[in-house]
Amino acid sequence: MALVVRDAAVWDGDSSEVTPADVVCDGGRVVAVEAVRSVRPDTDDDVVEADGAVVVPGLVDGHVHLVWSAGPDPAGVVEADGEQLTVLRAAENARAHLQAGVTTVADLGSNWDVAIAVARAVELGHVVGPRVLAAGRTVAMTGGHDPFWVNACDGVDAVVRGVREQVFLGAGLIKTAATGGVYGRAEGEEVGASELTAEELAALAREAHRRGVKVAAHALGTEGIRDSVEAGIDVIEHGVFLTEEIAAAMAGRGTALCPTLAVYRSLAAGGGPDYATAKAVEVVRAHDNAVHLAMEAGVPIVAGTDAGSPGMPHPSLEDELAALHACGLPPLDVLKAATSRAADALGADVGRIRPGAPADLLVLDGDPFTDPVLAARPRTVVARQRLVRGG
Ligand SMILES: [Zn+2]
């Protein structure tokens, strides 16, 4: 049984224009993009009438934490709830992303590797949710960022073991921490301070790539960003104290930036613990500049929300698309940041409408090329050819 999206203005994830077309999906994939109103569906096929509306690929959120509740202290909630309740919360959070048209998420850190189990449960059909590229625990140093879900690794041999362990558990990518962060520990963690060494990061990236997975590095401070880029890391998360020189190196190597602008605004406004507020204010002051440097250099920018963090519910992509647009990213680039560019950075075969791609499609109201935020408010959501919202 096929699904046909009729009379669509299709944006394929790459082009600067839409194409009037009928999209035919079968076996969970797009099988044909045909001339508009040319497809005659069989009587048992599902039909979505787009009536000329813009149809875009399902969205990608490049940075979430499914285990987190988005309250003022999500790490404390996980600790209080324990593992079983946390698994169930993560499953519910996954469902909420999908309902909003987020058909793929990268989960960059979860206690007990819970997100890896959610990823598998979605694949098996036990849980309704987006495709989850899950890192599980973060491969990071003892006493550093992400203490709540760290796979603590000190030294080159240890990080290689850490990568192998996460891949063996089923991780779809590796998360590491090159510097301290804002929300994490009240003391002993500074945003600018480097954590894993250049040698450790290089060994980590090499091993991850040998195992066929990408690496996302939490990096706010300049030195940590530079070390990560030189190490061959694929995506810099946050990238707050980026410089022009590092931005040029990133553009040259194709290293992506996932700035997560909105979450720091929430933290700076007092959405999290007190110790995080002052650090976030400092970050917000520098963050727009980092995105401008990346844009000017031609660095691929990925939309990620840090959903689950204080004040960032599942889903929050709307807020991040608005923040990227407000920062000066043109609408087309905002849309790519949440589709094709995110997919490329994460090494995932999603984010495009073309034969062979997964049948993840959104029917939108209005013109996302004027207001890209509209992409995160879809009328209809099709995920793996299943109608999960609208009709
Ligand atoms: Zn995060």
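Is aspartate 12 buried, partly exposed or exposed? I began my notebook with this residue, and I found that aspartate 12 counts as partly exposed because its relative accessibility is 24%; buried means under 20% relative accessible area, exposed over 50%, and partly exposed in between, with a 1.4 Å probe and protein chains only.

**Ground rules**

I noted that this is a predicted model, in which local features need pLDDT of at least 70 and side-chain atom pairs count only at pLDDT 80 or more, while totals for chains, interfaces and linings use all residues. Residues are numbered from 1 along each chain as its sequence is written, and side-chain values use heavy atoms, with hydrogens and water left out.

**Entry: aspartate 12**

I located aspartate 12 in the loop between strand 1 (3-10) and strand 2 (19-26); helices (H or I, at least four residues) and strands (E, at least two) are DSSP runs, numbered from the N terminus. Not counting residues up to four places away in sequence, aspartate 12 touches Pro57, Gly351, Arg352 and Ile353, where contact means heavy atoms within 4.5 Å. I also saw that the side chain of aspartate 12 reaches the backbone nitrogen of aspartate 14 at 2.8 Å. Proline 259 stands 247 residues from aspartate 12 in sequence, and their C-alpha atoms are 24 Å apart in space.

**Entry: serine 340**

I then looked up serine 340, which has its place in helix 12 (residues 340-346) and counts as buried because its relative accessibility is 1%. Leaving aside neighbours within four places in sequence, I listed Gly13, Asp14, Gly351 and Arg352 as the contacts of serine 340.

**Entry: the zinc ion**

Which residues coordinate the zinc ion? I found His63 (NE2), His65 (NE2) and Asp306 (OD), at 2.0 to 2.2 Å; donors are N, O and S atoms within 2.8 Å of the metal (3.2 Å for Na, K and Ca), and water is not among the atoms, so sites may look incomplete. I wrote down the sequence spacing of these donor residues as H-x1-H-x240-D. Both histidine 63 and histidine 65 are buried.

**Entry: leucine 133**

From histidine 65 I turned to leucine 133, whose C-alpha atom is separated from that of histidine 65 by 11 Å, although the two residues are 68 residues apart along the chain. Leucine 133 lies in strand 8 (residues 131-134), and I recorded it as buried because its relative accessibility is 15%. Leaving aside neighbours within four places in sequence, its contacts include Val105, Asp107, Leu173 and Leu346.

**Entry: two buried residues with polar contacts**

I found threonine 138 in strand 9 (residues 138-140), and its relative accessibility of 0% makes it count as buried. The side chains of threonine 138 and aspartate 146 are joined by a polar contact of 3.0 Å; such a contact is a pair of N or O atoms within 3.5 Å, and within protein one must be able to donate a hydrogen and the other to accept it, while residues adjacent in sequence count only if both atoms are side-chain atoms. Glutamate 207, in helix 5 (residues 198-210), is also buried, with a relative accessible area of 5%. I saw that its side chain is joined to that of arginine 164 by a polar contact of 2.8 Å. Beyond neighbours within four places in sequence, glutamate 207 is in contact with Val160, Val163 and Arg164.

**Entry: helix 1 and helix 2**

I checked how helix 1 (residues 74-81) and helix 2 (residues 83-99) are placed, and their axes come within 6 Å and cross at roughly 125°. Axes are lines fitted to C-alpha atoms, for helices over the stretch in contact, and angles run from 0 to 180 degrees between N-to-C directions. Helix 1 is therefore oblique to helix 2, since angles under 35 degrees count as roughly parallel, over 145 as roughly antiparallel, 65 to 115 as roughly perpendicular and the rest as oblique. The contact is made by Val77, Val78 and Asp81 of helix 1 together with Glu83, Leu85, Thr86 and Arg89 of helix 2.

**Entry: helix 8**

How many of the eight residues of helix 8 are buried? I noted six, so that helix 8 (residues 261-268) is mostly covered, and among the buried ones are Leu261, Val263 and Tyr264. What covers them includes strand 13 (235-238), helix 9 (274-297) and helix 10 (317-326). After helix 8 comes glycine 270, whose phi is positive, near 95°.
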